[in-house]
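The entries follow the model shown here.

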Amino acid sequence: MDNLAQLLKESWTLVEEQRDKVAGYFYARLFLTDPALRTLFPVQMDGQRDRLLEAIVTAVQTIDDPENFDDYLRSLGRDHRKYHVRAEHYDVMGAALLEALRQSAGERWTVEYDQAWRDAYQAIGERMQAGAALDPNPPFWHAEVLSHERRGSDIAVLTCRPLQYPLPYRPGQYVSVEVPRYQPRLWRTYSIANAPRTDNTLEFHVRAVGAGWVSSALVRRVRVGDLLRVAAPMGSMTLDPKSTRDVLCVASGVGLAPIKALAEELAAHNRTRWMHVFVGAPDRDGLYGLTELYQLAAEHPWLSIIPACSADPGFPGEQGEIAEVFARYGPWTSHDCYVSGSASLVRSALRTLAADEVPPENIRYDAFGEL
């Protein structure tokens, strides 16, 4: 496995700077081989190309970690049922992926690299199909929007409820969401912002940035009564039920959503663990979701909320980038650490935690790139 992982990572460096070319060639080859597959994908393919490459990179990066590799791919297989992917599609996709890698790498591609990707794709396909076959849940849930609240010009907090079956998930996980009325067959991932409730409702925090098709629809067009589609939960940014360590949470933007869910989960049973939540934004308008957390902290003395602004001199709380702020409150070596937000936040927070010598196994994170 070590040699396979090394070959995969070496070969990926040959094409990493040509992601758009790899994705473009992959889809061209895929649809040429089986034109009927085009109907499974959205009209706008930009976001879908990103999803493909994220899946490839994640699989390559976790192949030398058998447990995470297996868990990730089984979850991915369950999730891909929403695209109506069948077992016979995996061979077509594998052949298209290999051809895209060969063409993008050119003469630098070797027989060893080719065989490594064949072996890896076989393992990937087997685990994805196993995850899809063994999941008793539906490929996705139809969910009705019950409330929609704008919090600023580009953020909305909305609540929906699955119509037929409750959606089983753990706080900290995320799901893919489709808005079939406005953006059919286009899915975007969002963290669930609440611990499971008796009424089975799901809360989402959404920011519309740039030309994000799904996020813009959820913020600006969706209304109460509209139907969404919500796919199977994914992600491992969940609390360790066996841990007795105190908890550090660092969030920026709508990355606050899973942190709120984790705080609600602890509030249901915690008696001994302290939880420190650091929330960052450029200015106070970006601290859109603190009211609920302050209410929770008022009921539970073990929960502390520390907001910070990086570009608002008049803000009465902490000043500076959030990674710098939480570093001043350390050390965090003996904590379970959770990081959620933009990719830049995650990178800076991980550097701070590494400098603090926090064991990697005590750190969990999700990075959210806005589409």
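At what angle do the axes of helix 4 and helix 6 cross? I find that the axes of helix 4 (residues 66-79) and helix 6 (residues 111-134) cross at roughly 55 degrees and come within 7 Å. Helix 4 is therefore oblique to helix 6. The crossing of helix 4 past helix 6 is right-handed.

I noted the basis of these values. The model is predicted, local features need pLDDT of at least 70, side-chain atom pairs count only at pLDDT 80 or more, and totals for chains, interfaces and linings use all residues. Residues are numbered from 1 along each chain as its sequence is written, and side-chain values use heavy atoms, with hydrogens and water left out.

Terms: axes are lines fitted to C-alpha atoms, for helices over the stretch in contact, and angles run from 0 to 180 degrees between N-to-C directions. Angles under 35 degrees count as roughly parallel, over 145 as roughly antiparallel, 65 to 115 as roughly perpendicular and the rest as oblique.

I then looked up Arg74, which lies in helix 4. Arg74 is partly exposed at 26% relative accessibility (buried is under 20%, exposed over 50%, partly exposed in between, with a 1.4 Å probe and protein chains only). The C-alpha atoms of Arg74 and Met128 are 4.8 Å apart, although 54 residues separate the two in sequence.

Last, I checked Ser340, which is buried at 0% relative accessible area.

Notes: Helix = DSSP H or I, 4+ residues; strand = E, 2+ residues; numbered from the N terminus. Left-handed = near helix turned anticlockwise from the far one by under 90°.
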